[in-house]
Amino acid sequence: ALSTVMLGLTLPTFIRAALHSPAWLASVILAGNAVLIAVLGSPLTSRLGRHRRTRVLCLAAGLWTGWSLSLGVIAQGRAPWAVPALIAATLLFTLAEITHAPASMAIAAACGPPQARGRYLAVFQYSFVAAEIIAPVFFTTLFGIGHAVPFLALGAVNAGAIICTLRLERHL
């Protein structure tokens, strides 16, 4: 859930403070993200439907790990390749969003017994509310330490999520 809110939250600050690039770049990248989700969402979701949901979640976490580590590297300096690399990294984030949403909702719906399904789905949705509360503090605190730090930390969280998901796979 924390990863899902990070693009919109971090991108404007990252672009201005770490890359010293124009503010409009954030709008262009976020718009591109939305267009790609609209265009690729259905075809990609239908292709992923034949795979194990937990593995699809691991794929999403891996893509978010790649995005996070990419931003950690990009944050190290104002290289001429930083903006193209940021656009490529955002594609990883977009693919992670598309793969994560249907698989995570399906797992949340299927995890609980039928009589408790509503509670399971409510807790699942509250995890996103919690992430929206935690994310600004997480980002600003770590960004103040270093521009790469929040992304490296988020990459570690996603790598940990892959390990946990694989260990819980037979229960999910």
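Good morning. In what follows, axes are lines fitted to C-alpha atoms, for helices over the stretch in contact, and angles between N-to-C directions run from 0 to 180 degrees. Helices are DSSP runs of H or I with at least four residues, numbered from the N terminus.

The model is predicted: local features need pLDDT of at least 70, side-chain atom pairs count only at pLDDT 80 or more, and totals for chains, interfaces and linings use all residues. Residues are numbered from 1 along each chain as its sequence is written, and side-chain values use heavy atoms, with hydrogens and water left out.

I begin with helix H1. Helix H1, residues 2–18, packs against helix H4, residues 82–111, at an angle of about 160°, with the axes 10 Å apart. The two helices are therefore roughly antiparallel, a label for angles over 145 degrees. The crossing of H1 and H4 is left-handed, that is, the near helix is turned anticlockwise from the far one by less than a right angle; clockwise would be right-handed. Ser3, Thr4, Leu7, Leu11, Phe14 and Ile15 of H1 meet Leu86, Thr90, Phe93, Glu97 and His100 of H4, where contact means heavy atoms within 4.5 Å.

H1 also packs against H2, at about 150° with the axes 9 Å apart. H1 is therefore roughly antiparallel to H2 as well. Here the crossing is right-handed. From H1 the contact involves Leu7, Gly8, Leu11, Pro12 and Ile15, and from H2 it involves Leu25, Ala26, Ile29, Leu30 and Asn33.

Next, H4 and H5. Their axes come within 7 Å and cross at roughly 145°, in a right-handed crossing. On the H4 side, His100, Ser104, Met105, Ala108, Ala109 and Cys111 meet Arg117, Tyr120, Leu121, Phe124 and Phe128 of H5.

H5 spans residues 117–145 and holds isoleucine 134. Tyr126, Val129, Ile133 and Ile134 make a nonpolar surface patch of about 440 Å². Such a patch joins nonpolar side chains (Val, Leu, Ile, Met, Phe, Trp, Tyr) within 5 Å, from residues with over 30% relative accessible area and no salt bridge. Accessible areas come from the Shrake-Rupley method with a 1.4 Å probe, and for residues only the protein chains shown count as cover.

Finally, the salt bridges (a side-chain nitrogen of Lys or Arg within 4 Å of a carboxyl oxygen of Asp or Glu). The whole structure has two. One of them joins arginine 52 and glutamate 169, at 3.4 Å from N to O. This pair links distant parts of the chain, 117 residues apart: arginine 52 lies in the loop between H2 (24–48) and H3 (53–74), and glutamate 169 in the segment after H6 (149–168).

Notes:
Patches are made of residues with over 30% relative accessible area and no salt bridge: like charges are joined within 9 Å, nonpolar side chains (Val, Leu, Ile, Met, Phe, Trp, Tyr) within 5 Å. Angles under 35 degrees count as roughly parallel, over 145 as roughly antiparallel, 65 to 115 as roughly perpendicular and the rest as oblique.
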